[in-house]
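Grab the model and work through the exercises below. Each one sets a task and then walks through a solution.

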Amino acid sequence: MNLTDAVVFAGENERRAALKFFNAAYRAEESGITQAHALAERLLPSDPELAEAFRLYGDEEGWHRHLLIEFLAHLGGSVQPMGRVTTLLYRLYGRAERMDTILLANLMFETIGSTTYRMTLGRIDEPSLRAMLTILTRDEAFHVPLNVHFMKRALEQSSRGSVLRLRIVFVLVFVALVCLPLASRPKSRAFDRLDTLELSRAYARELSRVFTRESGLPLSPPAWLVALLGVDRERIRRAEGPAVTSIAAAERAAERERVDVAEM
Ligand SMILES: [Fe+2]
Ligand SMILES: [Fe+2]
């Protein structure tokens, strides 16, 4: 990434919001690397191949984290302590011990992360901001199908009781993530220009897209919330083309140089 030219913001307000935005991204990457490497260690004795996949995946999040530290400095900022909501969210996530719960939360976090990056990319013109967002958008587009694969592997060993448990976790996390823009908008809206309802709706839609068209994941989004936000699940179900979670989508996204970084 070329970080020679200074980023020019419309005002101090926008610059501060950009620092908040990339700080939130930094925390997501930090959590990603920690969880992925912890899982790699846990899996090493039983499934060395899968453990290696987790290690590489964690390394990529580590690389993003490193890029974000440099990028924050380039914007004239640094890594800041987390806010209250973020602290609470990551503390809860950090407490999860069951493999399937961690993987589910991870998949959902990856989905909303890549949605936010893609939507922001569609609203930003400044070249170095676009360069950073493009890297994140491109790589996270691969992390979603990758995590679907991990999740399906974990579900193969889950009992009916744990699937039931997972369904409850799924609804709780779904609601929490769809409400997250209420906390993030006052901080980053001046930079990413995304409104609360617009972002909540996009989270609900993209999470629905992952789980509605993926028959290997027996989890369905809370219908009342999805309907309330005006997301048409029937349309998602009938959509043409490969699902975002399909092997075809993963293969396409794995060839990073050829990825069409779609904006939203
Ligand atoms: Fe990442
Ligand atoms: Fe990721």
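Helices here are DSSP runs of H or I with at least four residues, numbered from the N terminus. By that naming, Ser208 sits in helix α7 (residues 196–212). One thing before we start: this is a predicted model.

**Exercise 1. Work out whether Ser208 is buried or exposed, and list what it touches.**

Solution. Start with the cut-off: buried means under 20% relative accessible area. Ser208 has a relative accessible area of 0%, so it is buried. Next, look past residues up to four places away in sequence: Ser208 touches Phe174, Arg213, Pro221, Val226 and Ile236.

**Exercise 2. Find the protein donors of the iron ion (ligand 2) and describe how they are spaced in sequence.**

Solution. First, collect the donors: Glu61 (OE), Glu110 (OE), Glu110 (OE) again, Glu140 (OE) and His143 (ND1), at 1.9 to 2.3 Å from the ion. Finally, check for a neighbouring metal: the iron ion (ligand 1) is 3.4 Å from the iron ion (ligand 2), and Glu61 coordinates both.

**Exercise 3. Describe how helix α1 packs against helix α6.**

Solution. Begin with the geometry: α1 (residues 12–43) and α6 (residues 160–192) pack at about 115°, their axes 7 Å apart. The crossing is left-handed. Now for who meets whom: α1 brings Asn13, Glu14, Ala17, Ala18, Lys20, Phe21 and Phe22, while α6 brings Lys187, Ser188, Ala190, Phe191 and Asp192. Sorted by class, this contact holds six nonpolar, two polar and four charged residues.

Then zoom in on Lys187, in helix α6. Its relative accessibility is 37%, so Lys187 counts as partly exposed. Leaving out residues up to four places away in sequence, Lys187 touches Ala17, Lys20 and Gly83. Lys187 and Ala18 are 169 residues apart in sequence, yet their C-alpha atoms are 8.8 Å apart in space.

**Exercise 4. Decide where in the protein chain confidence is lowest and where it is highest.**

Solution. Take the overall picture first: the chain has a mean pLDDT of 88, with 90% of its residues at 70 or more. Then go helix by helix: confidence is highest in α2 (residues 48–74), with a mean of 95, and lowest in α10 (residues 247–254), with a mean of 59.

Key: Residues numbered from 1 in each chain as written. Chains lettered and ligands numbered in written order. Predicted model: local features only at pLDDT ≥ 70, side-chain atom pairs only at ≥ 80, totals over all residues. Heavy atoms only, no water. Donors = N, O, S within 2.8 Å, 3.2 Å for Na, K, Ca; no water. pLDDT = per-residue confidence, 0-100. Helix = DSSP H or I, 4+ residues; strand = E, 2+ residues; numbered from the N terminus. Axes fitted to C-alpha atoms, helices over the stretch in contact; angles between N-to-C directions. Left-handed = near helix turned anticlockwise from the far one by under 90°. Contact = heavy atoms within 4.5 Å. Nonpolar A, V, L, I, M, F, W, Y, C, P; charged D, E, K, R; others polar. Buried < 20%, exposed > 50% of the residue type's maximum accessible area, 1.4 Å probe, protein only.
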